[in-house]
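Visitor: I would like to go through this protein step by step. Could we begin with a term that I shall need?

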Amino acid sequence: MRLLLFFDLPTLTVADTRNYRKFHKFLITNGFIMSQYSVYTKLVLNATQADSVKELLKKNVPQKGLVQCLQITERQFASIEYMAGKAQTKIVDSDSRWVEIN
């Protein structure tokens with residue numbers, strides 16, 4: 001399964017910018033991978049893990065702005081059609097429990 005996270009956070013004040021950076025750092029340290037600006041994905045093993053990640057997100061989202069999360073299957077994620085641009089190939093992103101990097 002995948003979690004797709006979409007967010008639009010204000011950066012008008014110093015405090016807003018600080019909250020944005022803190023949230024961005026939280027996403028990276030918790031295994032989210034940037035697909036596009038303000039669109040991140042995370043691979044999860046099952047619905048239970050997805051629920052726990054969503055609860056963790058709820059505790060760490062900034063007060064201002066818009067943050068949305070969509071849970072989809074790996075098959076749905078694989079069927080993304082690229083209209084322009086290419087998929088990121090440098091990212092090691094697999095549902096395998098064992099990934100060997102040479």
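Guide: A nonpolar core is a set of buried Ala, Val, Leu, Ile, Met, Phe, Trp, Tyr and Cys residues joined through side-chain atoms within 4.5 Å. Please note that the model shown here is predicted.

Visitor: Which residues touch the most other members in the largest nonpolar core?

Guide: They are Leu5, Phe7, Phe23, Leu27, Phe32 and Leu57, and this core has 13 residues. At least two residues of the core come from each of β1 (2-8), α1 and α2 (47-60).

Visitor: Why would such residues gather at all?

Guide: In soluble globular proteins, nonpolar side chains tend to be buried together.

Visitor: What does leucine 27 touch, leaving aside residues up to four places away in sequence?

Guide: Leucine 27 has contacts with Leu5, Phe7, Phe32, Tyr40 and Leu57.

Visitor: Let us step back. How many helices and strands are there?

Guide: The protein has three helices and four strands. Starting at the N terminus, their order is β-α-β-β-α-β-α.

Visitor: And how are α1 and α2 placed, parallel or antiparallel?

Guide: Their axes lie 11 Å apart, and the packing angle is about 160 degrees. Angles over 145 degrees count as roughly antiparallel, and α1 and α2 are therefore roughly antiparallel to each other. The crossing of α1 past α2 is right-handed.

Visitor: Which residues meet there?

Guide: From α1, Phe23, Phe26 and Leu27 meet Leu56, Leu57 and Asn60 of α2.

Visitor: What about lysine 22, buried or exposed?

Guide: Lysine 22 also lies in helix α1, but its relative accessibility is 63%. The cut-off for exposed is over 50%, so lysine 22 counts as exposed. The C-alpha atoms of lysine 22 and proline 62 are separated by 8.9 Å, although the two residues are 40 residues apart along the chain.

Visitor: How much of the whole protein is buried?

Guide: Of its 102 residues, 23% count as buried. The protein exposes about 7800 Å², and 54% of that area is supplied by carbon and sulfur atoms.

Visitor: Finally, what share of contacts joins residues at least 24 apart?

Guide: The share is 70%, taken among contacts between residues at least 6 apart in sequence.

Notes. Residues numbered from 1 in each chain as written. Predicted model: local features only at pLDDT ≥ 70, side-chain atom pairs only at ≥ 80, totals over all residues. Heavy atoms only, no water. Buried < 20%, exposed > 50% of the residue type's maximum accessible area, 1.4 Å probe, protein only. Contact = heavy atoms within 4.5 Å. Areas by Shrake-Rupley, 256 points an atom, 1.4 Å probe, with all protein chains shown as cover. Axes fitted to C-alpha atoms, helices over the stretch in contact; angles between N-to-C directions. Parallel < 35°, antiparallel > 145°, perpendicular 65-115°, else oblique. Left-handed = near helix turned anticlockwise from the far one by under 90°.
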